[in-house]
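Okay, everyone, let's get going.

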Amino acid sequence: MELPPRPTLFDFHGVSMTKYFTENWDNVQAFEARPDDILIATYPKAGTTWVSHILDLLYFGSTNSDRQTSVPLHERVPFLEINIPSLPAGKDLADQLPTTPRLIKTHLPVQFVPKSFWEQHCRVVYVARNAKDSAVSYFHFGRMNRIQPEPGDWPSFLHNFMEGKMVFGSWYDHVNGWWEKKQTYSKIHFMFYEDLIKNTGAEIEQLCTFLGLSPSVEEKERVRAGVTFESMKQNKMTNFSTVKIMNQDVSPFMRKGKVGDWKNHFTVSQNEQFDDDYNRKMRNPALYFYTD
Ligand code: PPS
């Protein structure tokens with residue numbers, strides 16, 4: 001496969017985007033969701049892959065072992081809006097999913113989600129991660145992933161993050177937008193990466209309640225053991241090692257998987273500026289993130 005060129009950002013209906021997520025726009029918007037589809041929505045680097053794997057194991061882990069050993073997670077849980085030359089479009093993969101339910105990933109801000117998901121009252125699992133660790137993870141992802149714009153150096157990347165000049169736009173708008181949606185649309189389960197790190201088992205329990213699943217104790221334990229950072233890092237079906245556009249020698253996809261790695265990247269002055277800006281943009285005390 002010929003590697004695609006790195007894209008540039010442009011303003012797309014008020015959100016920074018690249019051609020790899022906008023060129024199939026009309027088809028994506030026309031996606032026909034089914035009532036039992038489950039949408040996994042996140043700002044990039046919030047734990048999408050982790051939660052996708054948890055859901056895939058909860059639904060299909062005990063019934064179909066070939067799926068777990070030979071189908072990469074990004075095919076089991078297609079990325080709806082992705083459209084890269086010489087690879088199948090995410091929308092087509094989603095259309096062709098043979099499973100019930102269909103698990104579908106998106107990074108779209110809430111206002112861009114195809115309307116059929118709301119019309120069909122689909123369940124949505126939204127995962128949020130604190131802004132500082134999200135920025136750090138996104139920076140390293142930009143270094144290793146050819147379909148991201150050139151990330152530049154860390155200070156300029158952080159500046160752009162604060163300005164919302166990232167693929168899928170502003171972290172602040174994304175998280176606030178989905179949080180507001182949750183106030184009026186009851187079928188959103190809003191999760192935090194930091195809670196998953198702190199108590200994976202309890203988070204899996206809550207997911208099961210939201211999804212109406214009642215796995216046995218043994219099944220839940222199997223899921224928990226299969227989704228640890230180390231296990232997903234070793235697992236070729238979840239570590240993206242089969243994906244050519246990512247150069248894992250530059251930075252592995254399963255990089256650190258920690259809360260607080262931002263402390264190894266932010267200078268004292270960057271942290272102060274970030275906090276000032278953050279406090280202006282994130283005024284809702286109910287939406288609180290742990291950063292340690
Ligand atoms: S993407 O490309 O937007 O879909 O990335 P996403 O999957 O949302 O986020 C990648 C970060 O999640 C970490 N990760 C995990 N952390 C802990 N445990 C598990 N099991 C796990 N799986 C993925 C991954 O390491 C990325 O974070 P960083 O901080 O870069 O390590």
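So, H107: an N or O atom in its side chain sits 3.1 Å from an oxygen atom of the ligand. Keep in mind that this is a predicted model. Next up is Y193, where a side-chain N or O atom is 2.8 Å from a nitrogen of the ligand. And then K256, but here look at the backbone: one of its polar backbone atoms is 2.7 Å from a ligand oxygen.

How much of the ligand's accessible area does the protein cover? On its own the ligand has 640 Å², and the protein covers 98% of that.

Okay, who's in the shell? There are 23 residues around the ligand, and the closest are T48, T49, S137, K256 and G257. By type, the shell splits into 11 nonpolar, 7 polar and 5 charged residues.

Now, which elements give two or more residues to that shell? That would be helix 2, at 48-60, helix 7, at 131-144, helix 10, at 193-198, and helix 13, at 229-234. Helix 2 gives the most, with 3 residues.

With 13 residues, helix 2 spans 18 Å from first C-alpha to last, close to the 18 Å you'd expect at 1.5 Å a residue. Is helix 2 mostly covered or mostly uncovered? Mostly covered: 13 of its 13 residues are buried.

That's my bit, happy to take questions.

Terms used: Residues are numbered from 1 along each chain as its sequence is written. This is a predicted model: local features need pLDDT of at least 70, side-chain atom pairs count only at pLDDT 80 or more; totals for chains, interfaces and linings use all residues. Side-chain values use heavy atoms; hydrogens and water are left out. A residue is near a molecule or strand if one of its heavy atoms lies within 4 Å of it. A polar contact is a pair of N or O atoms within 3.5 Å; within protein, one must be able to donate a hydrogen and the other to accept it, and residues adjacent in sequence count only if both atoms are side-chain atoms. Accessible areas come from the Shrake-Rupley method with a 1.4 Å probe; for residues, only the protein chains shown count as cover. Helices (H or I, at least four residues) and strands (E, at least two) are DSSP runs, numbered from the N terminus. Ala, Val, Leu, Ile, Met, Phe, Trp, Tyr, Cys and Pro count as nonpolar, Asp, Glu, Lys and Arg as charged, and the others, Gly among them, as polar. The expected span of a helix is 1.5 Å times one less than its number of residues. Buried means under 20% relative accessible area, exposed over 50%, partly exposed in between (1.4 Å probe, protein chains only).
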